[in-house]
Amino acid sequence: MSINPVGLQGIDFIEFVAPEPERLDRLFRAFGFSRTLHHPARRIDLYEQGEIRLLLNRGSGSFAAGFSALHGPSISSMGWKVHDGLKAQEAAVSRGARARTEGDLFFRDGRPVPAVYGIGESLIYLVDGANPQEKWERMGFVPHPEAVRVASKGFTLLDHLTNNVEKGTMGRWSSFYKDVFGFTEVRYFDIRGAKTGLTSYALRSPCGTFCIPINEADEKKSQINEYLDEYKGPGVQHLAFLTTDILSSLKALDGLGIEMLDMDDDYYREAYQRVPQVTEDREEIRRRNVLIDGDEEGYLLQIFTRNLIGPIFIEIIQRKNHLSFGEGNFSALFRSIERDQAKRGVFDEPRG
Ligand SMILES: [Fe+2]
């Protein structure tokens, strides 16, 4: 059995849609993404920074518009880089995926860009082509007539994307990624906050370039089920942008209105006992609510925004020879999310 049955090579792009696309346009630029390409017929804009590409679909009557009507601000598709798109689609379908019957990306000669359905009926496009310029031209993109170049905030890669799924379906979704694409399990954990908990199962792509953790939860008021209610189904909970210097990236985001989750006072008392080898400015780490995790070999620094795109949030992560997802931070992070939920009245008893 092939260990990489569809020839996966990494994430190419994430496509967003929203009832108010201007908000996302501002958000992407605030995060340091330049608006570079445009699809005139389908009204899709492409933003890029490092190796991360985001699409914003403004088309009406499109697959994405249907997604927006159902889910609100959401991720309607993503593109995965493969060696050969059509062969990848055939391989994925032969292994149990469903080929696209709708979608917004087509080649200029009218053929649909190969794709299969993924989480929550979003699409996974299987995109080939080594030359990025040619690749986008082939799909009808042109230089953006109102291109906006903004300074990079230091984000280089999409490190991972996490899915929230309904209780009881985590096994089915992990089988989907494993059986169709050859993902492998890297971690499994149960996490408890003060009031709620979740179970998480992390998978690594066969190309080794990205991970997909999957979360499910029991309690009705858990953050996972709150997400499922708001998003109206399973989907991407957060995207993690990799930076080589998290403190510089955060400084570059100052004053742009991007709110981060705060940490409880106890957190930094024990954080450096767990991870004593951190070389970055500890005062800055604390002041900015950056989280720390690691082991003898290395460590990571990470921070989480509040919900930014519907219930979807962004993580910023810096790694130093450490590949975990910050498990050492999960309970502190969980408490922080519960404080945020409590502020929003999620745990209030209904009044009769
Ligand atoms: Fe994460």
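These legends walk through close-up views of a predicted model. Local features need pLDDT of at least 70 and side-chain atom pairs count only at pLDDT 80 or more, while totals for chains, interfaces and linings use all residues. Residues are numbered from 1 along each chain as its sequence is written, and side-chain values use heavy atoms, with hydrogens and water left out.

View A. Histidine 160 belongs to strand β9 (residues 155-164) and glutamate 315 to strand β16 (residues 313-320), so the pair ties together parts that are 155 residues apart in sequence. Strands (E, at least two residues) and helices (H or I, at least four) are DSSP runs, numbered from the N terminus.

**View B. Step inside the largest cavity.** Its volume is about 250 Å³. Here a cavity is a set of points, on a 1 Å grid over the protein atoms alone, where a 1.4 Å probe fits but cannot get out; lining residues have an atom within 4 Å of a point. A volume is the space filled by probe spheres set on the points. Of the 19 lining residues, Asn215, Gln237, His238, Phe330 and Leu333 lie nearest the centre. Helix α10 gives the most to this lining, with four residues.

**View C. Visit the second largest cavity.** This one has a volume of about 200 Å³. Among its 15 lining residues, Gln223, Asn307, Pro311, Phe313 and Ile337 are the closest to its centre. The largest share of the lining, four residues, comes from α6.

Conventions: On a 1 Å grid over the protein atoms alone, a cavity is a set of points where a 1.4 Å probe fits but cannot get out, and a pocket is an open set with protein on both sides within 12 Å along at least five of seven lines; lining residues have an atom within 4 Å of a point.
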